[in-house]
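Good morning, colleagues. I would like to take you through one model today, moving from a single helix to a helix pair and then to a sheet.

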Amino acid sequence: PATGLTMKSAGAKTRAAAAEVVDAVVNGQSLDAAIAAHETQLPPDDRSLLRMLSYGVVRNHFRLQEWIDQLVSRPFRRRDSVVNALLAVGLFQLCDMRIPDHAAVSQTVEATRQLRRPKMAGVVNACLRRFQREDLASRPAASDVTTWNHPEWLLAALRHDWPEDADAILAANNERAPMWLRVNAARQSAAEYRGRLAADGIAAEPLEGVPDALRLAEPQLVDDLPGFMAGDASVQDAAAQLAGRWLMAAEPARVLDACAAPGGKTGHLLELGDAAVTAVDNDAERLERVAENLTRLDVDATIVRGDASKPHEWWDGTPFDAILLDAPCSATGVIRRHPDIKLLRRASDIEELGSLQERILGALWTTLAPGGRLLYVTCSVLAAENDAVVSRFLETSSDAAEDAVLPNNNIRDLMRRKACGYQILPGTAGMDGFYFACLVKKVS
């Protein structure tokens, strides 16, 4: 059996790793990449705690930082920014986790040694003890930024675009997202797969209007899902699943999946029909994930590394009957899955992304056959990336029109009609935030 010392060191090492992850995110690295870089230093049994601490601290960054600013007399030097992150890890444990306070404090203090900052142990201990003593958690937040744990620019953008729904969006963004599955419709129905889950003691619920979707009552390891490695199901949010059936309803023969990585939607397109699918993305590493996903599903697509805004560099000249443009965006509709978006995105990104989206949309339109359809999709909730982009395109493209017919009427109540296209807001029926606009190319 482990001694008290080794158990304490193991707990401290997990806190230290979480501090390094949070520090990396604050300094510009994505949360998933930071966790991947640090979790290998921990035994498998400690990695779930690392993820819980890392996600929780990043999700509550602005509130935690406000408390830290009250607890320290002056900001930490840049070289000690990881100690600031460690304090956030300690505060998060005291406020939001079912860890005994004495364990949270002692192991967070011990983590200073794991971080090679032993001289900071007294500072961390004093701050955490003062936080408890003065009950800072009960004090009202100083601003909306700390109330909602969102940056000021994003608060303003959401309230401008969604004045009646902003608070609900913010609240949804701060929740933990549920785990959704997409059942492989080529092999069984969602009802049949739900029965297989139930036989293994896994509860799941369907969503009317999204035929292949099942929402798990509790997240599961994919290895524990029946037939997962054989391609019977995939992990994909229900909102993202709408794209495949929307585009494939017309049974196109030749389909382009643009900005395809990591390939979730590509796989769905291939599960729904016999179309020849070309998957294009400019990220070679992420294209490897597309190939891995398609191999697991036992389906084939033509995978091409290329810039979607420059089809002349990779297109063979044969028009596509249908195009899925999953446009690069701010991902403000999936913040609950990727809370680091709140730290990594800037207001200036939105204008740049809008320009990129317009370039890609205009370029890909030239590859679409007359009578064909292009489904423009983002996981953003900001108008500047959604209906504003599509509206400008429709105004300047005489051969383009919107096809506003939804794939089925059961999803009408899940969507908000925009100037053009439809928006699902985060948290609606447990789904992520997604925007969809279906455009048809007129036949001259």
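Please look first at helix α3, residues 44-59, in what is a predicted model. At 1.5 Å a residue, its 16 residues should span 22 Å, and the end C-alpha atoms lie 23 Å apart, so the two values agree. Which residues of α3 are buried? They are L50, L53, S54, Y55, G56, V57, V58 and R59.

I turn now to the helix pair. Helix α9, residues 152-161, packs with helix α10, residues 166-173, at an angle of about 135°, and the axes are 9 Å apart. Angles over 145 degrees would count as roughly antiparallel; α9 and α10 are therefore oblique to each other. On the α9 side, the contact is made by L155, L158 and R159, while α10 contributes A166, D167, I169 and L170. By class, this contact comprises five nonpolar residues and two charged ones, with no polar residue.

Finally, the sheet. Four strands form an open sheet in the order β2-β3-β1-β4, paired in the antiparallel sense. At the edges are β2 (204-207) and β4 (233-235), each of which pairs on one side only. From one strand to the next, the twist averages 35°. Three bridges join β1, residues 180-183, to β4 in antiparallel pairing, and V183 has A233 of β4 as its bridge partner. Which helix packs on this sheet? Helix α12, residues 238-248, does so, touching β1, β2 and β3 (210-216). The direction of α12 makes about 165° with that of β3.

Thank you for your attention.

Notes. Residues numbered from 1 in each chain as written. Predicted model: local features only at pLDDT ≥ 70, side-chain atom pairs only at ≥ 80, totals over all residues. Heavy atoms only, no water. Pairing = 2+ DSSP bridges. Helix = DSSP H or I, 4+ residues; strand = E, 2+ residues; numbered from the N terminus. Axes fitted to C-alpha atoms, helices over the stretch in contact; angles between N-to-C directions. Contact = heavy atoms within 4.5 Å. Expected span 1.5 Å × (residues − 1). Buried < 20%, exposed > 50% of the residue type's maximum accessible area, 1.4 Å probe, protein only. Parallel < 35°, antiparallel > 145°, perpendicular 65-115°, else oblique. Nonpolar A, V, L, I, M, F, W, Y, C, P; charged D, E, K, R; others polar.
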